[in-house]
Amino acid sequence: MSRLVVVSNRVADPRKAAAGGLAVALGDALAASGGLWFGSSGKVVERADGGAPGEAKLHVQRAGEVTLATLDLAREDHDAYYRGYSNGVLWPVFHYRLDLADFDAGYIEGYRRVNRMFAHKLMPMLQPDDVIWIHDYHLIPLAVELRAMGCQQRIGFYLHIPLPPPLILAAIPAHEWLMRSLFAYDLVGLQSQADMNHLRRYLVTEAKAEQVAPNVFAAFNRQLRADAFPIGIDVDDLLAMVDGKEAQETMATMREQYPGQQLLIGVDRLDYSKGLPQRIRAFRKLLERHPESHGKATLIQVAAPSREEVDAYGDIRRELEGLCGAINGDFGDLDWMPIRYIHRTVARKRVPGLLRAARVGLVTPLRDGMNLVAKEYVATQDPADPGVLVLSRFAGAAEQLTDALLVNPYDTQATADAIQQALNMPLAERRMRHERLLAEVRAHDIHWWRQRFLDALMEIDA
Ligand code: GDG
């Protein structure tokens, strides 16, 4: 069995309680093969403390069967590679937000420098029959750098965020370089068929690649295989959490705090791609149109702080606070607040309790690679009395979760109507939709995703 090497911007210790589903799932595969997880530690070294661009100290530690290798990035590298190019250029463009992309700041040099440094540090750790799996937009050119150093191993790449249409990608000044670097991979995995269609169109029209098979493209003397591998969740792990002490306590608190209420829940990172202001406006519209919901429906919105050093995130935070405050001021009463807005990270073991307690799950991003909260909401529901998922058609998850109430989050009125429909949905229909959704979430869970990607990578003649 080949050893698995996972590379991602951040390394998480799969044994720690805070580790998310992805860390745990990759941790399983890494442990099974005695694998290596390589990436940054999250620690930033200031120049005064010796942090020099393009240099980083490598820490290697064992976590059970897995080796964790982490780099502490210098402040300048972190600012240009992570905050600048990854989150100030690639994240907005890949989420269709050209207006928010900062193309002129010269971050690309730092992005290249850090990718090159990752390659230099990783290369000596590799063994001849390793299989390398690189994750996400921070590391698109990493395989090019590894190949330039003579790396012959199979390398797969998985993009967790959406891939936009060719003309949006083409707005990135270095788009040819960026997209050409995909050809250094043996396999590229995307979240959805929509993303796959965009990639196909880009490769054929912009990169002049020849499509030699449905999912195989030839250009620059290499062949690239690409496919959609929609990511899933660990359903059993989540169900165990629902039964756990923290989630049960959370549900009890909700029953106590909101007796007789219909709860709506949103749990998101505070990010402009998640459509939070639009969601709040739709809820406002619902309150305006349906006075009978006053005193009866409460929206709990958790917006976990995220990337606060990037300007656009401060703007969305202020907008959201203004919108929520106005609704509570305009509609609230001494015994009822329409919105409970929580700008904090809720403990991981409590989240399933929040989801379970809510009659309606609101997952309404403007654009999202997949959106795992949608799947988590489905998995945590009581099958005998399940809640209703209101899901944006612009989340990758909408391709699979077709029994949710699919909405256009830009259409405030239609979203408000869908929320109203969810609040009033009869039990029989809720059960029928939930049964189908749960079957889908179970069939394509995180283990299926990991295995399907790795099988596809192993099938390729390297
Ligand atoms: C990227 C892509 C893709 C949220 N708030 C809290 C909290 N969460 C958890 C959720 C969920 C996870 O974080 C968020 O996952 P998403 O899928 O919604 O979104 P991104 O972070 O944007 O992730 C996305 C994903 O990669 C995987 O490929 O689906 O499209 O953008 O698990 O439950 N967890 C805790 N407290 C919170 O307050 N503990």
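In what order do the strands of the 6-strand open sheet sit? Let's take that sheet first, then move to the cores.

## About the model

This is a predicted model, so to speak of local features we need pLDDT of at least 70, while side-chain atom pairs count only at pLDDT 80 or more and totals for chains, interfaces and linings use all residues. Residues are numbered from 1 along each chain as its sequence is written, and side-chain values use heavy atoms, leaving out hydrogens and water.

## The open sheet

The order is β13-β12-β11-β14-β15-β16, with parallel pairing. Strands here are DSSP runs of E, at least two residues, and helices are runs of H or I, at least four residues, numbered from the N terminus. Two strands pair if DSSP finds at least two bridges between them.

At the edges sit β13 (339-342) and β16 (405-407), each pairing on one side only. Look at β14 (residues 360-363) and β15 (residues 388-392): they share 4 bridges in the parallel sense. Val363 has Leu391 in β15 as its bridge partner.

## The nonpolar cores

A nonpolar core is a set of buried (under 20% relative accessible area, 1.4 Å probe, protein chains only) Ala, Val, Leu, Ile, Met, Phe, Trp, Tyr and Cys residues joined through side-chain atoms within 4.5 Å. The largest one has 98 residues, and Val7, Phe94, Phe118, Ile134 and Leu146 touch the most other members. Helix α2 (residues 75-94) gives the largest share of this core, 9 residues.

A second, separate core holds 58 residues, including Leu263, Val351, Ala397 and Ala456.

Technical notes. Buried means under 20% relative accessible area, exposed over 50%, partly exposed in between (1.4 Å probe, protein chains only).
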